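I opened the model to look up a few things and kept notes as I went. The entries follow in the order in which I made them.

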Amino acid sequence: MEYETVIGLEVHAQLLTRSKMFCRCSADYAAAPPNTHVCPVCLGLPGVLPVINEQAIRYTVMTALALNCAIAGVTKFDRKNYPYPDLVKGYQISQYDTPISHQGWLAVEADGATRRIGITRVHLEEDTAKLLHRNEPGGETYSLVDVNRSGVPLMEIVSEPDLRSPEEARRYLMKLRTILQYLGVSTGNMEEGSFRCDANVSLRPLGTSEYLSKVEVKNMNSFRAVFRALQYEVERQQQVLGRGERIVQETRGWVEDRGVTVSQRSKEEAHDYRYFPEPDLPPLALSPAWVEEIRASLPELPEARGERFISHYGLSPYDAGLLTAGKALADYFESCLTLAGAKDKPETLPKKAKEVSNWLLGEFLRLLNAGELEVEQARVSPAGLVRLMGLVEEGAITLANAKQAFEEMFRTGQAPEQVVAEKGLAQISDQEALATLVEQAIAANPRPVADYRAGKEQALSFLMGQVMRASGGRADPQAVRERLRERLRPT
Amino acid sequence: MKPRELVGLTAHQAARLLARREVSAVELTRAVLERIGAVDGKVRAFVTATPDLALEQARLADERLQAGERGPLLGVPAAIKDVICTKGVRTTCSSRMLEGFVPPYDAHVMNRLYQAGLVMVGKTNLDEFAMGSSTENSAFFPTHNPWDVTRVPGGSSGGSAAAVAADECLYALGSDTGGSIRQPAGFCSIVGLKPTYGRVSRYGLVAFASSLDQIGPMAKDVTDCALVLGAISGHDPRDSTSAPNPVPDYTRALVPDLRGLRLGVPREYYAEGMQPEVRQAMEMALTKLQELGATIDREVSLPSTPHALAVYYILAPSEASANLARYDGVKYGFSAPGETMWEAMEHTKQFGFGPEVKRRIMLGTYALSAGYYDAYYLKAQKVRTLIRREFDQVFERCDALVTPTSPTVPFRLGEKAESPLQMYLSDIYTIPVNIAGLPGLTVPAGFVEGLPVGLQLIGKPFSEETLLRVGYAYEQATAWHKRKPSL
C-alpha cells in the first residue's frame, strides 16, 4: 500500500525581550554564570507572583500577525502541572484553551509546489530552568540546576498536520525562523536552543483523510537533525506498517550520532497536566486598536522584501529569493548597495545590484558554507566588499584576483587594499611590461600563433591563458586580448 | 503606666502616648515582650519570637518619633502570621516543609508596615499552610484560646488572634482564604477584617488558594482595624490581582450612627447548624443595630449558600495542589533523602507535609484530573459565578449583611480533629465571602458562658468603609471589645 506522510511541527522560540516573562530579571542569560539572572519570582520562592511582560505579548502578536493568525480579544494564562526539578514552581505558566492567537497559515515552497501550511496557534509560556547532568569519575551522578533560563519568554507555534514530507517540514521551519528573525523577536538559533522543534509524525493510506496513531519526535537540535529524524521516522513507520503491525502512539527521541529515533514514553505514561486558569493573572484583553497599531508597525517580511528586490533592483526572482531567505544576508546586500552609493543612481542600480548579488550568492555563500558560518560571523564587512568591487571597477585588480583577495579578506578580516598590496594582486598597468609578456607568449607558441592566423579563433584563448599565467593573473584580460589581436592581425 | 496596662492598649491609644513621648517605643516593646514571656507558655501563639529585632525596630521608631515623625502605627508592636514572608526572619507556614526557610525578601504588606513604623515582635502560629480552622494543624504545636485554654483559638490565623486577645501584641496580620481571619477573631473576641479580594497585595503571602487568599488586620477594636487596613491597602504592581482603587482614610468612616443603612439578614445563614446561644446573640445584635438607626431587612435570600462549602473544597484544594507543588526539596526548605531523584521528591512530600495538607493536595489533584475537571473544577467555577451574582443582587437592596462569624462558640482542642467535615463546617458563614471576593468584618458580639461570639458583616466589593462604620457603631454601643480574658 502507498502511504501519505503527515507531519505537524511544534516550535518553541525564546523571545528577545530584555526581561523575563514574569519578572524583571534579564532574559539575556547566554553568557551569564549560572544562577545570576534570578530573583524570588523566577526562583519560584514561596509567596511570589508573576507579572506579565508586555513586550512578550507584543512580540507574540507580531509573530501571529505575520503568520496570518486571528488575535484573541481576550487571552488568559493557565497552569500546566508536572513535577520536575527544572520547573521551579512545579507548574509552568502556559496557555491552554485561549491562546493569544489561532488559525493562521504560512505559504511554503517545497517539492515543486507552494502550499499553505495551517498554523493552529501561537501562544506564550515561560521557559524552564536548565539541568546539567554530571557524571563524576568515581561513578557518582548528579544534576545541577541553573535557574537563569527559568522564566524566559517562550513562544510556541503549532502547525496543523499539513506537512507532507520531511523536506516540506524543513522548508517550513526555515521560513518560520526567517520570519522571526525579520520581526526581530527571536534569534532563531537552533543549536543554542533558542529555537526548538518537536514533530508529530504519522502515515495514512494515500487518499484517506483521517489521522492515524502519531509519534511525537523530540530532541532534534538542528535543521539537519529535524530533516534526518523525520526521514528516519517516516521510513520506520513505513516498515512497521509494511510488516502488518500497528504504529504505537508514543514519544520518541532522536539520537543524533546513531541516526535513529528511540522510544521515550508511551501514551499510557503520558502526563495529565491538569491545566487550570492561572489565578495569579487576570485574563488579558488585547484591544483591536492595539493589535492594529502593531500590524501597522510590522517590519517588511521576507516575501515583500524579495518582491522589492525584484522591482527596485531588477534582480531575478531566483536571486531575490536566495538573498531574502535570511534577514542577515538581505541586510548585508542592502548595506553594500547603500555604501556603494548605488541607490542614488537609478540608471546603474540594476547592474550594481546584480554585481553585489553575484558576489554574495557566489563567493560569500560558498565561503560561509565551507566554514559553517552565519552571515553575522563573517569577517568581511559590506564596506570591505564594496571597496574591493571599487578596485575591480577602477581596473586596479582583475576580477579573478579580486575573488582571491576576497577569500583572504574573509579569512583574515583585512582591508582589501592591504590584501592586494601584500599578496601582489594589483593589476599590471605598465603597458611595456604587458607588451613584453605578449611578445614572450607569441615567441614561445608558434603553432597556436599559426593556427590563429589560419582563422582558428580559439587559439587566441590559449595564448591569452599563457599571458595571464605569466602575469600571475594580474594582467587585465581585456587589454591582453586587444594587444594579442593587434599583434597577430594579418598585415 | 504599668507594663500590664501598656500592653492592654489599642494601637491608636498607644500611638497617642508615643506621640506625646509619654512612653517610648522601646518601653512599650519591652512591656509586650515581657507579656509574651509571661503568658505565651499557656497560649502558644508564637512560632518565632523576634525580641532582638523588635527592640532594634523600636529604637528606630523612637528615632523617627524624636525627629518629629508621627503615625498611628509608628513604634507599635505587632505580630505577623507566619505565612507572610519576612526578610531575614524564618517563615515556616507552621510546616516542617519550611521549618528553616528564611525568605530573602519582604512581603508587600511588610514593606508597608515598616514604612508605617512596625515593631515586629514575632511570627504567629497557624494551621499548616493556612489549612484548617483550629490551629491544631500546625506541625509544631496547637495554640490555645486565651478565653479558655482548653479550647481552640480558631484558625488558621489562630496564633495572631490569640496573641491580640492575650495582649501579646497590639495588633496582628492574618490571612483569610475561607474565614481564617474572621473565625479566629470571632473565637478570640477581637476585630478581624478580610478585605475585598485585590484590596491588599498578596505579594509575599505564601499562597494557599490564590483566587481566595487575602491578608487583613486583626485588632483590638474597629479603629485599629481601620488604621491597619489603611496602612496595608493599595495597588502593588507586583500583584496583578491587586486593585488600582484609591485607598480612603478608613478612620473617617467611623461614626456611631447607622441611619440610612439597610442591613440584610440572609435567610440561609440562619438555618440548621447554628448553636441556639449564637442565634440569641445575633438577635440581640440585630436589635442593637436597629437602635443605632439601621433598617433590618429579613427578606434577604442567597439560595446557593448551601453549595458554597462544596465549591470551596473543590476550588481551594485545586489551586493549593499547584501552589504547593514547588516544595520538592530541591531548592529550599525540608529535603528528605531517597535512592533516586523521584524517591527523594516523594519522601520530601511524604514527611514534609502534614495530613490535612496532603488531604487537600489529593482533593485538588483529583478535581483537576483528566475526566474529572468538568464535573468538579469547572462546575465549581460556575457555581462560584452564581454565588457572586446572588450577592450582587442582594447588595442592590442592602448596604451590608449581618451573620454570625461561626455557627458555634470555640470548641475544645481535639474535639473535631478526627472529623475533617465537622471542622470544615466551622467556616460555613465565612467561606461564601471569599468565593465572591467580598469584604467581611467580624466584631465581638458577646459571650456564651464566657466563650466569645463573633458578628460578621459582609459588604459589596470595596465597601470596607461601610463595614467599619457598622462595626464601629456596634462596638461603641456594646463595648464587648473592652473585655479581657484572664490568663
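**Chain contact**

I looked up the contact between the chains first: 25 residues of chain A are in contact with 35 residues of chain B, a contact being two C-beta atoms, placed from the backbone, within 7 Å. On the side of chain A that touches chain B, helix H1 (40-43) and strand S4 (78-81) are the elements that give two or more residues. I took helices (H or I, at least four residues) and strands (E, at least two) as DSSP runs numbered from the N terminus. That side of chain A divides into 16 nonpolar, 4 polar and 5 charged residues. Here Ala, Val, Leu, Ile, Met, Phe, Trp, Tyr, Cys and Pro count as nonpolar, Asp, Glu, Lys and Arg as charged, and the others, Gly among them, as polar.

**Conventions**

I note that this is a predicted model, in which local features need pLDDT of at least 70 and side-chain atom pairs count only at pLDDT 80 or more, while totals for chains, interfaces and linings use all residues. Residues are numbered from 1 along each chain as its sequence is written, and chains are lettered from A and ligands numbered from 1 in the order in which they are written.

**Domains**

I find chain A divided into domain 1 (3-291), domain 2 (309-423) and domain 3 (431-488), with bounds from an automatic or database domain assignment. The centres of domain 1 and domain 2 of chain A, taken over C-alpha atoms, are 37 Å apart.

**Helix H10**

I checked helix H10 (residues 382-394) of chain A: its 13 residues reach 18 Å from first C-alpha to last, close to the 18 Å expected, which is 1.5 Å times one less than the number of residues. The buried residues of H10(A) include Leu385(A), Leu388(A) and Leu391(A); buried means 20 or more other C-beta atoms within 10 Å, exposed 12 or fewer, and partly exposed in between, with C-beta atoms placed from the backbone. Helix H8 (327-339), helix H9 (349-371), helix H11 (399-412) and H12 of chain A are among what covers them. After H10(A) comes Gly395(A), with a positive phi near 85°.

**Val420**

I then looked up Val420(A), which is in helix H12 (residues 416-423) of chain A. Why does Val420(A) count as buried? I counted it so because Val420(A) has 24 C-beta neighbours inside 10 Å. Leaving out residues up to four places away in sequence, Val420(A) touches Leu391(A), Ile397(A), Ala405(A), Leu425(A) and Ala426(A). The C-alpha atoms of Val420(A) and Leu388(A) are 9.2 Å apart, with the two 32 residues apart along the chain.
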